[in-house]
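User: Please examine the following structure and answer some questions on its helices, backbone and charged side chains.

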Amino acid sequence: MTTIAAPLELLRSTLAGRPALPALSAPAYARAHRTYEAHSDQRGLLATWLADAVTGALPGPGARTVLSVGPGDGSVDAPLAQTLVPGRGPLRWVVAEPDAVVGERCRARLAEVVAPGGSVVLHAGPFATVADAVGPELVDVVLAVHSLYYVPDLAAAVAAAADRLAPGGSLVVLLAPLEALCLLTEAVDPGSHRWWSDDLPAALAAAGLHGTTVRLAGRLDTTACFDPASSTGREVLDFLVGADCGDLDDAARGVLLDAVAAIGTRDGDRWTVPHPVDAVVATRV
């Protein structure tokens, strides 16, 4: 076994037979997500790449439409939209967000930056039903930033996105690879199914799309996770494993932290782990 594989296998065996850790409540998830993002440099890398990728994917001046799948509160979409507006014509942004409250925050943020001349449409429901809200309109870009992990059928979701694309349109996806950090997530919660970037090429091919991929090699600061008294560390750990770690006893928590350390790097008193994401632009073959 590799250095990484052995701690992950020990973690799996330690948790085997125990009740699954409880899911995070919606407020706890939101807090943990904010804390997690604040301790990663991935957001900055992602924002820079998206601005270039989506600018290149959109047509020239004139009405342009982006359909964003599961954008949450708009903390990625709104800054992106702001970079696309100046001097390039009206921008229409369609938001497909299952959580109506979070989706309204996204809509409000976007409304501040796409005006004048632009518009924002919120579909407070899953991507699969977006046509019910916005009709058969074709779009220039379908954007899915860290939102395809939990769709029931990845191939079906990608095919639906392809069907929404106007001629020359692009599907822009950011999805994590199944590497050290995500292997740890799966070790803690083996019963949950998530799609990873490794699953994307087959789904793109089935939909008649060809994707070009760039790996954004972010890092996540996990230092606070090793302080049992740190609420920040607890939130980072909760989001990292996708569950509420409060039910772990000291022994199991120690095994989990050993696995976090095994996939990380120590620099003085700081611990970081790789936090990569694969960034894909896909177009018709």
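User: On what basis are the values computed?
Analyst: This is a predicted model, in which local features need pLDDT of at least 70, side-chain atom pairs count only at pLDDT 80 or more, and totals for chains, interfaces and linings use all residues. Residues are numbered from 1 along each chain as its sequence is written, and side-chain values use heavy atoms, with hydrogens and water left out.

User: What span does helix α2 reach from its first C-alpha to its last?
Analyst: Helices (H or I, at least four residues) and strands (E, at least two) are DSSP runs, numbered from the N terminus. The expected span of a helix is 1.5 Å times one less than its number of residues. Helix α2 covers residues 26-38, 13 residues, and its reach is close to the expected value, at 18 Å.

User: Which residues of α2 are buried?
Analyst: Buried means under 20% relative accessible area, exposed over 50% and partly exposed in between (1.4 Å probe, protein chains only). The cover over the buried residues of α2 includes α3 (42-57), α8 (180-188), β6 (209-221), α10 (231-241) and β8 (270-284), where contact means heavy atoms within 4.5 Å. The buried residues themselves are Ala 28, Ala 32, Thr 35, Tyr 36 and Glu 37.

User: What is the phi of His 146?
Analyst: Most residues other than glycine have a negative phi. His 146 lies in the loop between β4 (139-145) and α7 (154-164) and is partly exposed, with a relative accessible area of 26%. Although His 146 is not a glycine, its phi is positive, at about 55°.

User: Which residue forms a salt bridge with Arg 107?
Analyst: A salt bridge is a side-chain nitrogen of Lys or Arg within 4 Å of a carboxyl oxygen of Asp or Glu. Residues three or four places apart in an α-helix point the same way, because there are 3.6 residues a turn. With an N to O distance of 2.8 Å, the partner is Glu 104.

User: Which residues are linked with Arg 215 in a network of salt bridges?
Analyst: Arg 215 pairs with Glu 179, the closest N and O atoms being 3.3 Å apart. This pair links distant parts of the chain, 36 residues apart. Arg 215 also pairs with Asp 278 at 2.3 Å between the closest N and O atoms, joining strands β6 and β8. The residues linked with Arg 215 in the network are therefore Glu 179 and Asp 278.
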